[in-house]
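I am opening a notebook page on this entry. The notes follow the order in which I looked things up.

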Amino acid sequence: VCALPLTLVPAPALAGGAPPAVALGSVIPAPVEVRADGTSFRVTPRTVVVAPASARPVADRLVEAVREATGYRLAVVRHAPRHASAITLAPDRSGGEDYQLSVGRKGVTIRSGGNSGLFNGVQTLRQLLPLEAPWIVAGGTIVDRPRFAYRGVHLDLARHYHTPDEVKQYIDEISQFKVNHLHLHLSDDQGWRIQIDSWPRLTSVGGAAGTGVDGVGGGFLTKAQYRDLVRYAAARFVTIVPEIDMPGHVNAAQVAYPELTCDGVAPPPRTDTAVGYSSLCIGKEVTYQFVEDVIRELAALTPGPLIHIGGDEAHATSQADYVAFQQRVLPLVGKYGKKAYGWNEITQAPASHTAIAQYWNTGRTDPTLAAAVAAGTKVIMSPANRAYLDMKYDPSTRLGLSWAGYIEVRTAYDWDPGTHVAGVPESAVLGVEAPLWSETLRSIEDIEFMAFPRLTAIAEVGWSPSRDWESFRTRLGAYGPRWTARGVGFYPSPQIDWA
Ligand code: TNX
């Protein structure tokens, strides 16, 4: 069993054969245990994928990945013919996301108790396949499991709408790093991005052309498109977490439905990037009718366990009103069978003690959060000065904001979610999430430039048991050509020696 840095020792060549181009441990996020044994396996057009019927969905992803890498269309069979060269998916009794990958002369075996674990093993195998022929994989064994159950990204569709195809492209990329949640920010002051049948003007007005920062963009997801996205993500073991932000960040809803303001007068549409000026009317009953309708329809669209109700930056809501609102709204999520998730401000309300708080502040202490944690609140860590993918890398970055500082790759890597905030022990932390707000982002190219390579740092923080910057930067430098080959325009950080 090697410690992290040793996993980078290349496996020796087979006699007479070409050496494996990728060391067994050259994987992001770093696996828990790596034992290279000096053998190797070669993928050929006659290699078969062996999988029981239950693992067929993972086998299909594996076939797709091998075809993308090598051009070979491997057959999927239930039982391997004798002497066949095989990649075998083998269910066993281990935990759902854990997996074991063994590579020997005759084949590769990925074992896991769950399809999510088999999928994780497939993602590891993808990184072990060289970028070019010969398709030789280093021999040995990897035993791997996640540190945290929740490893997420967030994407803001409200400030600029991003199409279902763009979201799918992002899912394809994030799932390769074992990221398993995608939080979609579906409403904000500028726009409303999800069809709600009981309040149709939310999208006919709030999702119209021009409803984006600087009047650029507009659009929304129909329920059919949303369901299709949920299915697409699920096939890659990514759970979509929908967010409707309230009681602040609601200007677009109030433009569509003036009864959601206290004076009943529609505010002007907003395409600037100010925050903290809008609030639902806490004392009006129609507010709770609206909120309940939205939560009910959202819950019906959501197979996953979580609904995010926002709750950030409600500067136009008094503290007493804010708490009164959350005391009523957080339990509504439970009424529709889901667990409530919100930005860390929700911890001001006692009803958050059965909810999940997303820590986005930049400090290392937060007495309100710590008190909530002592009372039962669970936490997902997104400290803005570490995990925000919309912060500029340095002052010259053409996209992004800088209110939480500049975040180079090492800054995103060098922190520990289990000790980051006083009074929030690892046992209270469900995981990490890397938000990507889109005030300055227009296209999938913009998304990719801000997310990569930094997201891989957050993914490793969430998955791997320990961090080792030198090992990480070596593995990341070696990974770069894979993005280039797929046309992903990543930021070529000067902290990394790119291959
Ligand atoms: C703060 S982070 C916000 C968002 C902005 C973001 C920009 C949070 C919960 N709220 O409204 O888009 O900063 O970085």
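Predicted model: local features only at pLDDT ≥ 70, side-chain atom pairs only at ≥ 80, totals over all residues.

Which residues are around the ligand? I find V275, D312, E313, W343, W360, Y388, D390, L401, W437 and E439 around the ligand, where a residue is near a molecule or strand if its C-beta atom, placed from the backbone, lies within 6 Å of it. By class I have six nonpolar, no polar and four charged residues in this shell. For the classes I took Ala, Val, Leu, Ile, Met, Phe, Trp, Tyr, Cys and Pro as nonpolar, Asp, Glu, Lys and Arg as charged, and the others, Gly among them, as polar.

Ground rules. I number residues from 1 along each chain as its sequence is written.

Records. I looked up the UniProt annotations, whose positions are in the numbering used here, whose feature names are shortened, and which may be inferred rather than shown by experiment. An unreviewed UniProt entry gives "domain: Beta-hexosaminidase bacterial type N-terminal" for residues 26-144. In the model this span is 24% helix and 35% strand, and its end C-alpha atoms are 13 Å apart. The annotation "domain: Glycoside hydrolase family 20 catalytic", from an unreviewed UniProt entry, covers residues 148-465. I read 32% helix and 13% strand for residues 148-465, with 9 Å between the end C-alpha atoms. Helices (H or I, at least four residues) and strands (E, at least two) are DSSP runs, numbered from the N terminus.

Domains. The domain assignment gives domain 1 (4-144) and domain 2 (150-468); such bounds come from an automatic or database domain assignment. I get 35 Å between the C-alpha centres of domain 1 and domain 2. Twelve residues from domain 1 and 13 residues from domain 2 make up the contact, with two residues in contact if their C-beta atoms, placed from the backbone, lie within 7 Å. On the side of domain 1 that touches domain 2, helix α2 (residues 115-128) gives the most, with five residues. That side has eight nonpolar, three polar and one charged residues.

I placed A149 in the loop between β7 (136-144) and β8 (150-156). Is A149 buried, exposed or partly exposed? A149 counts as partly exposed because it has 14 C-beta neighbours inside 10 Å. The scale is buried at 20 or more other C-beta atoms within 10 Å of the residue's own, exposed at 12 or fewer, and partly exposed in between, with C-beta atoms placed from the backbone. Leaving aside neighbours within four places in sequence, A149 is in contact with L430 and G431. A149 and V432 are 283 residues apart in sequence, yet 9.1 Å apart in space, C-alpha to C-alpha.

Core. I then went to the largest nonpolar core, which has 142 residues; a nonpolar core is a set of buried Ala, Val, Leu, Ile, Met, Phe, Trp, Tyr and Cys residues joined through C-beta atoms within 7 Å. V58, V137, L182, L436, L455 and I458 touch the most other members of that core. Domain 1 (4-144) and domain 2 (150-468) each supply at least three of its residues. I458 is in contact with A387, A412, V432 and A434, leaving aside its neighbours within four places in sequence.

Why is helix α13 (residues 454-463) largely enclosed by the rest of the structure? Ten of its ten residues are buried, so α13 is largely enclosed. L455 and I458 are among the buried residues of α13. Helix α12 (residues 444-451) is also largely enclosed, because six of its eight residues are buried. The buried residues of α12 are D446, I447, E448, F449, M450 and A451, and they pack against α3 (164-175), β15 (429-436) and α13. In the loop between α12 and α13 I found P453, joined to F452 by a cis peptide bond with omega about 15°.

Other backbone entries. The peptide bond from A133 to P134 is cis, with omega near 0°, and P134 lies in the loop between α2 and β7. K178, in the loop between α3 and β9 (181-185), has a positive phi near 65° and is a residue other than glycine. K178 is buried, with 24 other C-beta atoms within 10 Å. I noted a positive phi near 60° for H249, also a residue other than glycine. H249 sits in the loop between β10 (239-243) and α6 (251-256) and is buried, with 29 other C-beta atoms within 10 Å.
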